[in-house]
Structure formats: C-alpha cells, structure tokens
Amino acid sequence: PGRIERLVVLAEDSGATPLVVLTKIDLVGPDEVDEVRATVAAVAPGVDVLTVSNVTGAGLGEVRRRLGRGRTLALVGPSGTGKSSLVNALVGRELLATGAVRPGDARGRHTTTVRELVAIPGPDGSEGGGGLVLDTPGIRAIGLADATEALERVFADIEELARSCRFADCAHDTEPGCAVQAAVAAGELDRRRVERHRALRAEIAEQAERARRRRKRR
C-alpha cells in the first residue's frame with residue numbers, strides 16, 4: 001500500500017491522471033484479485049484500479065480504452081511487475097525484452113534499462129492510433145519533493161478529519177483532541193495509513209528544508 005500511495009502522489013504532483021493497473025491476475029484466483037483490488041482502492045480513493053493478464057488478455061480492453069490518439073500512458077513500478085509485458089500485449093507482438101522474477105526472493109530483474117516510448121496501434125491498425133505508452137526501468141525507491149498539494153489530494157480522508165483537530169499543527173500522533181486518532185480508535189481509519197501519511201509529509205518537509213538550505217548557500 002505504501003508504494004502505491006507514494007506513486008499516486010507522484011502522479012498527482014506531475015499533473016497526470018493516476019491509474020493503478022494490477023497485472024498477472026492469471027496467477028491467482030478471482031477472490032484474491034478482488035481482495036487486492038479492494039485493498040488498493042482503499043489506499044487510493046478516487047483512483048481507477050484495473051486488473052490485467054498479459055497472458056490471457058483479460059482486462060487489456062480496459063487499458064486500451066484509457067488510451068487513444070494524443071494520449072500517453074507512463075508505466076511506473078518495480079521490476080518484474082509486468083510493465084514491458086503489458087506493452088507487448090498492447091502492441092500485439094514481442095517488441096520489448098521481458099524477464100521473470102528471481103525465484104529466490106521474487107524480486108524482478110532489471111530487463112528494461114532505458115525508457116521506451118512505444119506507439120500502440122489503433123483499432124484500424126494505424127501506428128500510434130491507440131496512443132503512446134512510456135515503459136520505464138523498474139524502480140525500488142523514489143523520493144518526493146514539493147508535493148504537499150498532491151499529498152493532500154491522495155490523503156483527502158485524513159486531511160478532512162484534520163480540520164476537526166483541536167490544534168492546527170496537529171501531527172496526528174499523541175496530541176489531545178486529535179480527530180484523526182479518534183477515527184483510528186473508532187475503527188473508521190487504518191492506523192497504518194495515518195503512519196504512512198505522517199511519514200510522507202515529513203519526507204516532503206525534509207526535502208523542502210534541504211532545498212531551502214541549498215538556496216541559502218548560493
């Protein structure tokens with residue numbers, strides 16, 4: 001959940017429309033797919049969540065409907081999650097190299113080492129008529145900077161509760177009169193989501209302070 005929240009904040013901050021695509025659904029049963037989809041929807045409210053199999057083709061139509069001439073889909077995520085395989089499935093041929101996850105730790109191999117912009121054929125077969133897809137190398141970590149507004153949109157549920165906190169600068173930790181912690185205690189809000197929100201906000205503040213110090217030294 002934390003990685004998804006971070007990437008959704010990144011997408012929001014860039015001005016793009018976030019979209020979560022869960023691949024490899026052919027490897028699990030329908031109940032598990034529904035469970036994971038519900039988990040993602042809970043940590044990314046308002047963001048569309050698609051489920052896809054690059055092997056069977058299930059769900060590819062939904063991805064294609066989000067594309068089209070003049071639109072670009074940027075694929076961002078860890079290695080081994082099926083980004084390049086998704087591009088190949090959309091193109092209809094083995095255009096990009098792919099690799100399986102390592103059997104020892106289930107981590108992905110870095111098959112994609114450079115960004116690839118691929119034209120997706122349109123319904124009539126025209127090149128690029130189905131939009132463009134940007135395949136990116138797998139990432140293990142990515143920082144956030146100056147993304148406060150995006151963070152507030154992604155964690156709108158917490159921000160709404162925070163307006164009822166007793167203190168305007170409430171950290172939603174041990175302060176008295178904290179509406180966020182009250183919601184956690186009542187079972188209305190996941191404690192782990194609050195902790196991730198606090199960590200991301202602290203990271204953004206730290207990055208802003210570092211930038212301020214760099215400007216001051218110039």
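A salt bridge is taken here as a side-chain nitrogen of Lys or Arg lying within 4 Å of a carboxyl oxygen of Asp or Glu. In this predicted model, R212 forms such a bridge with E209, the closest N and O atoms being 2.6 Å apart.

**Salt bridges within a helix**

- R212 and E209 are separated by about one helical turn, because the two stand three residues apart in helix α8.
- R212 counts as partly exposed because its relative accessibility is 37%, and E209 likewise counts as partly exposed, in its case at 29% relative accessibility.
- In helix α3, which spans residues 60-66, E62 and R65 are also three residues apart, or about one turn of the helix, and a salt bridge joins their side chains with the closest N and O atoms at 2.7 Å.
- The two partners fall into separate accessibility classes, since E62 is partly exposed with a relative accessible area of 33%, whereas R65 counts as exposed at 59% relative accessibility.

**A buried lysine without a salt bridge**

- K83 is found in helix α4, which covers residues 83-91, and K83 is buried yet has no salt bridge.
- The nearest side chain of opposite charge belongs to D135 and is 5.4 Å away from K83; the salt-bridge rule asks for a nitrogen and a carboxyl oxygen within 4 Å.
- A polar atom of the K83 side chain does, however, lie 3.1 Å from the backbone oxygen of G77.

**Charged patches on the surface**

- A patch of positive charge on the surface gathers R214, R215, R217 and R218; of these residues, R217 has its place in helix α8, which runs over residues 191-217.
- R217 counts as exposed because its relative accessibility is 63%, and patches are made of residues that have over 30% relative accessible area and no salt bridge.
- A negative surface patch is formed by D13, D146, E149 and E152, among them E149, which is found in helix α5 (residues 148-154).
- E149 is exposed, since its relative accessible area is 60%.

**A strand residue**

- A74 has its place in strand β3, which covers residues 72-75, and A74 counts as partly exposed because its relative accessibility is 46%.
- Between A74 and D48 there are 15 Å in space, taken from C-alpha to C-alpha, and the two residues are 26 residues apart in sequence.

How values were computed. Residues numbered from 1 in each chain as written. Predicted model: local features only at pLDDT ≥ 70, side-chain atom pairs only at ≥ 80, totals over all residues. Heavy atoms only, no water. Patch = residues over 30% accessible without salt bridge, like charges linked within 9 Å, V, L, I, M, F, W, Y side chains within 5 Å. Areas by Shrake-Rupley, 256 points an atom, 1.4 Å probe, with all protein chains shown as cover. Lys, Arg positive; Asp, Glu negative; His and termini not counted. Charge placed at Lys NZ, Arg CZ, Asp CG, Glu CD. Helix = DSSP H or I, 4+ residues; strand = E, 2+ residues; numbered from the N terminus. Buried < 20%, exposed > 50% of the residue type's maximum accessible area, 1.4 Å probe, protein only. Polar contact = N/O pair within 3.5 Å; in protein donor to acceptor, adjacent residues only side chain to side chain.
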